[in-house]
Amino acid sequence: MRAVLVVGAGVVGLTCAIRLLEAGHRVDVVAADPPPATTSAVAAALWYPYRALPQDRVTAWSATTYGVLADLAQDPATGVAMRSGTELLRTRQPDPWWADAVPDLTHVTDVPGYAGGWRFTAPVAEMGTHLRWLAARLEQLGGTLTRAYLDRLPESEDEGVDVVVNASGLGAERLVADPTLSPVRGQVVVVEQVGLEQWWLDPGAPGGPTYVVPPATTSCWAAPTSPASGTASPIPPPPRTSSRAPPRWCPPSPGRGCCGTPSACDRCARRCGSSGWVTSSTATATAAPA
């Protein structure tokens, strides 16, 4: 068994933590923001191999992910559903390189204004529900989720940690001092549901790939995506919806990065003050600073 620290509480961080816990390791997740305030919370989450290489390995990874998500879709509590949809083509093309990862890919030609498309069933996640399920699964397996602000990416040789998993997303620019980091981002918009049951993807749309994904609720998502330089604006946390009393967050003391008073917290970081950590509570997906 190894002691693993996962930095970041979005879908990647929580999923990595759960898999490591299931493999028998001790896992702690630390993040500047709780799951509802991460980029993952506003994703129009459609399974699709996008901007990922090498192709052969990504195809295998995608197939494995597809199978796992299909299994999760059997339980509505996970927020995952299997939905049919169409990728539109402006010119005729051969099968996509990741076609082997999809069990039901078919060609279609009955799309007005397009040369055709590929129709297949793909997992779609309603991220608010899915993040809550991931956080609950993490706690069920004995992992911890702590809100803390790091001034650097911890080293694996730090006391008590064997492995550090960097799932910090946009926060990686600050943690590893890499000013060349450029996020790939889009503008995600919630639009009125008008009876759309399938997702649609136009990878050749002006300005970048555009897709519309209907979740299980009364709205659907539309998201043009493109590479962008700079740093995305922070995402404000949503209103608290839980009736549970909020956890207590300890404010950092000047120059220390830690309050130095573990008794004031519901739970404190293990190495409070040794590496710029701020003490905090183990948070649920609906927790917000008091």
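Predicted model: local features only at pLDDT ≥ 70, side-chain atom pairs only at ≥ 80, totals over all residues.
**Exercise 1. Find how many bridges join strand S1 to strand S2, and in which direction the two run.**

Solution. Five bridges join S1 (residues 3-7) to S2, and these strands run parallel. Strands here are DSSP runs (E, at least two residues), while helices are runs of H or I with at least four residues, both numbered from the N terminus.

Residues are numbered from 1 along each chain as its sequence is written, and side-chain values use heavy atoms, leaving out hydrogens and water.

**Exercise 2. Work out the strand order of the open sheet and name its edge strands.**

Solution. Two strands pair if DSSP finds at least two bridges between them.

**Exercise 3. Find which residue forms a salt bridge with Glu22, and where both partners lie.**

Solution. Side chains of opposite charge can pair when their charged atoms come close. A salt bridge here is a side-chain nitrogen of Lys or Arg within 4 Å of a carboxyl oxygen of Asp or Glu. The whole structure holds five of them. Glu22 pairs with Arg137, their closest N and O atoms being 3.0 Å apart. Glu22 is in helix H1 (residues 11-22) and Arg137 in helix H3 (residues 127-140), 115 residues apart. Arg19 joins Glu22 and Arg137 in a network of salt bridges.

**Exercise 4. Decide whether Asp202 and its partner Arg90 are buried or partly exposed.**

Solution. First, the contact: the closest N and O atoms of Asp202 and Arg90 are 2.7 Å apart, a salt bridge. Asp202 lies in strand S11 (residues 199-202) and Arg90 in the loop between S4 (80-89) and S5 (106-108), so the pair ties together parts 112 residues apart in sequence. Now apply the cut-offs: buried means under 20% relative accessible area, exposed over 50%, and partly exposed in between (1.4 Å probe, protein chains only). Asp202, with 7%, is buried, whereas Arg90, with 45%, is partly exposed.
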